[in-house]
Protein chains: 2
Amino acid sequence: MSAPGYHHGDLRAALLDAALGLLEQGGVAALSLRAVARAAGVSAMAPYHHFQDRAALIAAVAAAGYDRLHAEKLAALAAAPDDPIARLAAGARNYVGFVIDNPALYRLMASPELAGRPHEDLAKSAAAPAASLAALVAAARAAGQLGNADPAAVALQLWALAHGLGQMAIDGHAPGADVLALAESGALALLKGYR
Amino acid sequence: MSAPGYHHGDLRAALLDAALGLLEQGGVAALSLRAVARAAGVSAMAPYHHFQDRAALIAAVAAAGYDRLHAEKLAALAAAPDDPIARLAAGARNYVGFVIDNPALYRLMASPELAGRPHEDLAKSAAAPAASLAALVAAARAAGQLGNADPAAVALQLWALAHGLGQMAIDGHAPGADVLALAESGALALLKGYR
DNA sequence: AGTGTAAAGTTTACATCGCATAGATTGGAT
DNA sequence: ATCCAATCTATGCGATGTAAACTTTACACT
């Protein structure tokens, strides 16, 4: 895996790693195939053997981001209380926390550049967090904590709230606000309104 | 204003118009200075006399978008009931409606490409909708409809909800959902939770 | 061992883009 | 009538995305 010969060993992973590095310091605009190849110490055309085009690279980075997001969410939920409402609020807080901790990566995930045609593995990675959220809302609903609200609707609203708060935070539209607290209290208020 | 001579007359407006057209059919990626110049029937370098660089053009388009958003909001609020809560819900619905009607434009407004350094007129145009929202929330709070909640917090949460719902709708993350209804009911639930 | 094949990297080439600089054209102030 | 500043054009440079064609390596098979 570490033979510095002609064949890299695991260039795809190395390219993704380099892409994350470039992303953190230069934003999406810095994510050029050539720059990634340069950072990985490889020729400019090598990435094309692993990613069909620039959009595919960006989609792969985004998919990796969703995977990390989901992993962190699972870890956070493991330490959360049992009450579904409280777990949902903790999830919202954790989601916004991820956004704040990985601004460039999250911006990429929500980037217009991916909105065009769908990418397979990206869709799969993005589906995991959504499914886990839906399960939590269903549990709350089953426990009689959401009145007769439509679970899918509540899930979408919660997600939108967290997504919006995070994006506003990293775009500087919420200066001085404790966005983590806002995510938690907002989710609680929204859920309370449905009780 | 329509003299087809050497001097265009109002090239800046024509360029912005062409940019909107390109945006609708090709997304942000299609917004190159050369393409805009081509669409306006002018030399490739002409736009540089009206926009410092590509980012400035994008910022100007975004500012125009915020202006339109604010204008539509004012029009929608004129026909809304007097109750602050109902007006806030109507505002949320209208916001999401704008996003759905102008997907490419809204994506541009929330684009990472603007997140770097701030642009003056963009900030000014973006501030108008925020101020109008803050005023509405303050009115609701003054009418005793929000308990002792922090108005700034509630405003941010409402905005985040609408922003998130709109973005999810145009990104295909809410297939088959009536996002307009979700915006309205979500805003109502959130506000109800604070009562 | 020897060989053939597919994957992984490289090189070369080309169109386009953003941007800088310098020159041409025009309308209006003096 | 003259000058000037704003506006548009022409040309050039470096970087990027993409498409070939070529080279090197790893591996299965005989």
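This is a predicted model: local features need pLDDT of at least 70, side-chain atom pairs count only at pLDDT 80 or more; totals for chains, interfaces and linings use all residues.
Which domains does the domain assignment give for chain A? The assignment for this chain gives domain 1, covering residues 6-51, and domain 2, covering residues 54-194.

## Chain A and its domains

Chain A has 8 helices and 0 strands, so that, with a helix being a DSSP run of at least four residues, the pattern read along the sequence is α-α-α-α-α-α-α-α. The C-alpha trace of chain A spans about 60 × 35 × 30 Å along its principal axes, and 46% of the 195 residues of the chain count as buried. Among the contacts in chain A with a separation of 6 or more, 67% are accounted for by residues 24 or more positions apart.

The C-alpha centres of domain 1 and domain 2 of chain A lie 28 Å apart, and 12 residues of domain 1 of chain A are in contact with 12 residues of domain 2 of chain A. On the side of domain 1 that touches domain 2 in chain A, helix H1 (11-26) and helix H2 (33-39) each supply at least two residues, and H1(A) gives the most, with 5 residues. Sorted by class, that side of domain 1 of chain A has 10 nonpolar, 1 polar and 1 charged residues.

## A helix pair in chain A

Helix H4 (residues 84-101) and helix H8 (residues 179-194) of chain A have axes that come within 8 Å and cross at roughly 150 degrees, and the crossing of H4(A) and H8(A) is right-handed. From H4(A) the contact takes Ile85(A), Leu88(A), Ala89(A), Ala92(A), Arg93(A), Val96(A), Gly97(A) and Ile100(A), while H8(A) contributes Val179(A), Leu180(A), Ala183(A), Glu184(A), Ala187(A), Leu188(A) and Leu191(A). The residues of this contact of H4(A) with H8(A) divide into 12 nonpolar, 1 polar and 2 charged.

## The nonpolar core and the contact between chains

Which residues have the most contacts inside the largest nonpolar core? They are Leu158(A), Leu165(A) and Leu158(B), in a core of 133 residues. Not counting residues up to four places away in sequence, Leu158(A) touches Leu88(A), Ala92(A), Leu133(A), Ala187(A) and Leu190(A). Of these, Leu88(A), Ala92(A) and Ala187(A) also take part in the contact of H4(A) with H8(A).

The contact between the two chains takes 32 residues from chain B and 32 residues from chain A. On the side of chain B that touches chain A, the elements that give two or more residues are helix H7 (151-170) and helix H8 (179-193) of chain B, with H7(B) giving the most, 11 residues. By class, this side of chain B has 18 nonpolar, 10 polar and 4 charged residues.

## Single residues and their surroundings

Is Leu136(B) buried or exposed? Leu136(B), whose place is in helix H6 (residues 120-142) of chain B, is buried because 21 other C-beta atoms lie within 10 Å, where 20 or more are needed. Leaving aside neighbours within four places in sequence, Leu136(B) is in contact with Pro84(B), Arg87(B), Leu88(B) and Gly91(B).

Ala79(B), in contrast, lies in the loop between helix H3 (54-78) and helix H4 (84-101) of chain B, and is exposed because 7 other C-beta atoms lie within 10 Å, where the limit is 12 or fewer.

In chain A, Arg54(A) lies in helix H3 (residues 54-78) and counts as partly exposed, with 17 C-beta neighbours inside 10 Å. Ala139(A) is found in helix H6 (residues 120-142) of chain A and is likewise partly exposed, with 18 other C-beta atoms within 10 Å.

| Residue pair | Separation in sequence | C-alpha to C-alpha distance |
|---|---|---|
| Arg54(A) and Leu33(A) | 21 residues | 6.2 Å |
| Ala139(A) and Gly186(A) | 47 residues | 19 Å |
| Ala79(B) and Ala181(B) | 102 residues | 18 Å |
| Leu136(B) and Ala18(B) | 118 residues | 35 Å |

Methods. Residues are numbered from 1 along each chain as its sequence is written. Chains are lettered from A and ligands numbered from 1 in the order in which they are written. Two residues are in contact if their C-beta atoms, placed from the backbone, lie within 7 Å. Ala, Val, Leu, Ile, Met, Phe, Trp, Tyr, Cys and Pro count as nonpolar, Asp, Glu, Lys and Arg as charged, and the others, Gly among them, as polar. Axes are lines fitted to C-alpha atoms, for helices over the stretch in contact, and angles run from 0 to 180 degrees between N-to-C directions. A crossing is left-handed if the near helix is turned anticlockwise from the far one by less than a right angle, and right-handed if clockwise. A nonpolar core is a set of buried Ala, Val, Leu, Ile, Met, Phe, Trp, Tyr and Cys residues joined through C-beta atoms within 7 Å. Domain bounds come from an automatic or database domain assignment.
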